[in-house]
Amino acid sequence: MSGYHDSNCNKRVKVELLLLSSWASDIQHHRYEELVRALFVVQSECPYITRIYSIGRSVEGRHLYVLEFSDNPGIHEAMEPEFKYVGNMHGNEVLGRELLIQLSQFLCEEYRAGNQRITRLIHDTRIHILPTMNPDGYEVAAKQGPEFNGYLVGRGNSREVDLNRNFPDLNALMYYYEKTNGRNHHLPLPDNWEHQVELETLAVIKWMQNYNFVLSANLHGGAVVANYPFDKSRDPRIRGKTTYSATPDDKIFKKLARTYSYAHSWMHKGWNCGDFFDEGITNGASWYSLSKGMQDFNYLYTNCFEITLELSCDKFPPASALSREWLGNREALISFLEQVHHGIKGMVYDNNNNPISNAEISVAGINHDVTTGVDGDYFRLLLPGTYTVTASTSGYLPSTSTVTVGPAEAIQVRLCVIAE
């Protein structure tokens with residue numbers, strides 16, 4: 001709220017944000033059937049701006065349901081960015097699951113109430129919410145309940161595999177390419193990768209292949225900190241030693257993590273759960289090195305920038321704590337979502353005005369390219385500043401433009417490539 005200086009304006013914004021705090025007092029945990037019912041209730045209450053779809057099934061056959069919010073559900077509109085939230089990847093880390101159910105209800109209710117901020121967000125963004133990536137693990141943890149939940153019980157899927165150590169390891173290839181001036185984005189998957197990952201992981205990778213996501217967060221528990229890539233250290237592991245492992249987009253990742261931390265009621269204060277993280281953020285590898293994680297995979301295989309949000313000291317908090325947690329995270333969940341609209345976006349055309357898909361968009365000085373989607377549109381998250389941007393694709397001469405990015409909405413940059 002620091003950008004507002006008019007006290008009346010402050011009051012108006014706060015009233016708008018707190019319209020529905022009254023129903024937040026009776027939040028309960030949702031088992032699988034209750035979660036599904038809750039999603040379908042939201043869809044029935046906001047049928048014109050929502051869609052429910054399944055990205056696959058868990059090992060035990062439970063659907064991995066996604067709730068989509070858009071003014072045109074089921075359709076990618078050119079130049080409208082795609083955003084995702086993923087919860088409950090570790091089955092016993094349950095707060096994210098409940099927060100995403102609450103967020104879904106909040107978006108629907110506030111849209112119906114005419115909240116301008118939420119209405120604009122839904123009209124200008126395609127939002128995908130996956131409340132649970134690991135429904136099987138959750139059921140194992142929920143049988144024990146909050147009081148008796150062990151630190152690892154229900155963490156993995158039903159085959160006891162940790163899904164956040166289950167994605168193809170592209171970091172080693174990336175770190176090799178850095179030394180040999182090789183490819184810096186959309187790294188190839190290993191042969192036979194589909195048979196090396198769990199069903200839940202496979203479903204999420206296929207989901208990433210089908211939607212051109214721009215920004216994402218996955219919600220965890222056990223600490224309170226916004227964690228950004230890389231998670232895997234570049235250095236060989238030395239016992240007891242951690243090293244910062246920066247992506248080429250380190251500055252924007254820090255900004256994204258800070259956005260969540262400072263909009264959260266207490267994450268930014270640093271001291272939480274007996275740990276201290278300056279500003280409530282950390283580089284993943286600087287905390288501890290992790291291989292085959294989801295956030296690094298997003299960055300190295302897709303156009304998507306993902307961070308990992310650790311949201312509660314208690315992995316399975318009691319129901320009585322959920323209202324406080326929702327109110328503490330609500331503004332942060334919305335503020336982070338709004339970050340998808342910063343940087344540059346645009347279309348790439350050929351000289352006959354045909355959109356070009358899969359063209360590479362490079363920014364001078366940042367060794368990580370993104371690509372255009374099937375409609376020829378691209379999105380590149382950037383901090384304010386002046387950048388040299390180039391579109392290139394085989395068979396065409398590259399097109400370069402200089403653009404100045406401000407702190408507000410994404411700057412639109414149309415790029416035209418000419419056939420050789």
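**Ground rules.** I number residues from 1 along each chain as its sequence is written, and side-chain values use heavy atoms, with hydrogens and water left out. As the model is predicted, I ask for pLDDT of at least 70 for local features and count side-chain atom pairs only at pLDDT 80 or more, while totals for chains, interfaces and linings use all residues.

**Entry 1: helices 4 and 11.** My axes are lines fitted to C-alpha atoms, for helices over the stretch in contact, and the angles run from 0 to 180 degrees between N-to-C directions. R117, I118 and L121 of helix 4 meet E331, I334, S335, L337 and E338 of helix 11, where contact means heavy atoms within 4.5 Å. I sorted the contact of helix 4 with helix 11 into four nonpolar, one polar and three charged residues (Ala, Val, Leu, Ile, Met, Phe, Trp, Tyr, Cys and Pro are nonpolar, Asp, Glu, Lys and Arg charged, the others, Gly among them, polar).

**Entry 2: T125.** Next I looked up T125, in the loop between helix 4 and strand 4 (126-130). T125 is buried, at 0% relative accessible area (buried is under 20%, exposed over 50%, partly exposed in between, with a 1.4 Å probe and protein chains only). Its side chain reaches the backbone oxygen of L121 at 2.7 Å. The T125 side chain also has a polar contact with the side chain of H341, at 2.7 Å. For a polar contact I need a pair of N or O atoms within 3.5 Å; within protein, one must be able to donate a hydrogen and the other to accept it, and residues adjacent in sequence count only if both atoms are side-chain atoms. Beyond four places in sequence, the contacts of T125 include F69, E80, L337 and H341.

**Entry 3: helices 7 and 10.** Helix 7 (residues 199-210) packs on helix 10 (residues 294-301) at about 30°, with axes 12 Å apart. I therefore class helix 7 and helix 10 as roughly parallel, and their crossing is right-handed. V204, I205, M208 and Q209 of helix 7 touch M294, F297, N298 and Y301 of helix 10. That contact of helix 7 with helix 10 holds six nonpolar, two polar and no charged residues.

**Entry 4: backbone checks.** I found a cis peptide bond between P229 and F230, with omega about 5°. F230 sits in the loop between strand 6 (223-228) and helix 8 (250-263). N192, a residue other than glycine, has a positive phi near 65°; N192 is partly exposed at 48% relative accessibility. C273, also not a glycine, has a positive phi near 60°. The loop between strand 7 (271-272) and strand 8 (275-276) holds C273, which is partly exposed at 33%.

Note on methods. Helices (H or I, at least four residues) and strands (E, at least two) are DSSP runs, numbered from the N terminus. Angles under 35 degrees count as roughly parallel, over 145 as roughly antiparallel, 65 to 115 as roughly perpendicular and the rest as oblique. A crossing is left-handed if the near helix is turned anticlockwise from the far one by less than a right angle, and right-handed if clockwise.
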